[in-house]
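Here are my notes on this model, as numbered points. Please read them with the coordinates open.

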Amino acid sequence: MSGGEIAVLPVGLIVAPVALAAAGAGAAAMLAIRAAQAGTEATGRALERFGEEMERRADAQDDVEIRAQLWDLAAGSVARTNEDLRLLSARAARAGVRLALPRPVDLTGCHLTGAPSLVARTQEALSAARAAVERAEAARERQQLLSRMAAGAAGEPSATELLARYQAVLASRGRHESAAPPAPAKVDGSRLQADIDAILSRLHTDATSDDRIQALEAAAKAERKKHSPTGRTFVESLARTVDVDLNPRIARRREAANLLTALEQPLVAEVINDFGTPRPPCFDAIERLRAVVLGEADLTSADRRDAQNALNRVQVELDRRRLLEGVAEAFGKLGYSVTTGMQVRRHAALLVTRPDWRGGHVADVWLDEAGRVHSQLVQVAAGAGGEAVRCAELNDGLRRVGEELGRRGIAARVHVPDEPVRALVDIDPRSAATPSPIEVTEPVLRQIDPNQENR
């Protein structure tokens, strides 16, 4: 009788919803997770290439494979834009600048063709805000450094002149769109002044005011000592400050922003809040990532591991939700009435029934922890007959649902037990008082006991 199941192969369960013209909430969340998993260098390349690739492949966007690639580029460019937004917001707060920054970009409801302009508008707003933040940071740097820098000897530039020149060097460097700044170059002792400028120009453009103060102070010391026998030592110290201390830490800060962007995506955050016990260390990881983005801490391997574990668990849950939604839609196409939001044995479940079951039976359909779809016929009205027929109909429906999942690209294998499995009996007391349950045309809604077992 009833009790069939659909085994979903893992390779088929994770099906990226990239064939759509517009991204739903689930698709947007999955794309955000994939962008975080790809890393900051990938999001930087995506931002550079997205607009150009959309134009180049404008006539080929009906191809599923090409559309999948374009959605991934869209997600990467959105992730990069949101990384920029988070880092700039943190810099503005530390500099005491009040800005009307745009909201984080969310692909939910966005059409693929509209994504480039959405990203471009946000990046344009960030560019204007970045200029305001950098002006405030430059003033803070001058105030702090001039109080620390010693006056130059006769014939040497003053502290004000020296600082102005080095700030101009920093302002003239181009933005690095990848996570890694240019590779360090070997210091040439015969041209220390040029080397000081070259090393400063390697400082990552995501550097905060505190980062730049540290680099500028080291550059000023190297400048004052460039004619002494120890001049090369001070220039090498500047190189270590920029290439070994600051730039890797700045790259880790952007990595934290990348992970945080995915963890705070609206649907991802909703899934995390819905996690039961034992909960993964999501909330602690999010708080630690926020501290890193604010420049109050450095990203550790434990922070990275906890954040990635949280994203992996959310990804599994989103896969399960998408599978259950697909099952619900398939049963609906077969003429079943479907009630969502149920639970069986603490697993997400559907309640399905047919009009010709006349309110005497319903079926529980649920996902177990391994992602298998189970079904169980349940008698909910006293005196309801036709159990064998109902079971046969349910098992046939399950086979057809499996076929529908296959058409959606989800590799599914349906198994119907050879031995009969009796229907559960869960009769509402109100239905027992009904004189003729056969005349009932609507299903009797019931509260499902999450601990109930098959009989």
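1. The protein chain has 14 helices and seven strands. Keep in mind that the model is predicted.

2. Of the 455 residues, 47% are buried. The accessible surface is about 21500 Å². Carbon and sulfur atoms contribute 51% of that surface.

3. Helix α11 covers residues 282–293, which is 12 residues. From first C-alpha to last, α11 reaches 16 Å. That is close to the 16 Å expected at 1.5 Å a residue. After the helix comes Gly 295, with a positive phi near 80°.

4. Which residues of α11 are buried? They are Cys 282, Ala 285, Ile 286, Leu 289, Ala 291, Val 292 and Val 293. An α-helix has 3.6 residues a turn, so residues three or four places apart point the same way.

5. Ser 209 belongs to helix α8, residues 209–224. Is Ser 209 buried or exposed? Its relative accessible area is 6%, under the 20% cut-off, so Ser 209 counts as buried.

6. What does Ser 209 touch, leaving aside its neighbours within four places in sequence? Its contacts are Glu 137, Arg 140 and Glu 141. With Arg 140 there is also a side-chain to side-chain polar contact, at 2.9 Å.

Methods: Residues numbered from 1 in each chain as written. Predicted model: local features only at pLDDT ≥ 70, side-chain atom pairs only at ≥ 80, totals over all residues. Heavy atoms only, no water. Helix = DSSP H or I, 4+ residues; strand = E, 2+ residues; numbered from the N terminus. Buried < 20%, exposed > 50% of the residue type's maximum accessible area, 1.4 Å probe, protein only. Polar contact = N/O pair within 3.5 Å; in protein donor to acceptor, adjacent residues only side chain to side chain. Contact = heavy atoms within 4.5 Å. Expected span 1.5 Å × (residues − 1). Areas by Shrake-Rupley, 256 points an atom, 1.4 Å probe, with all protein chains shown as cover.
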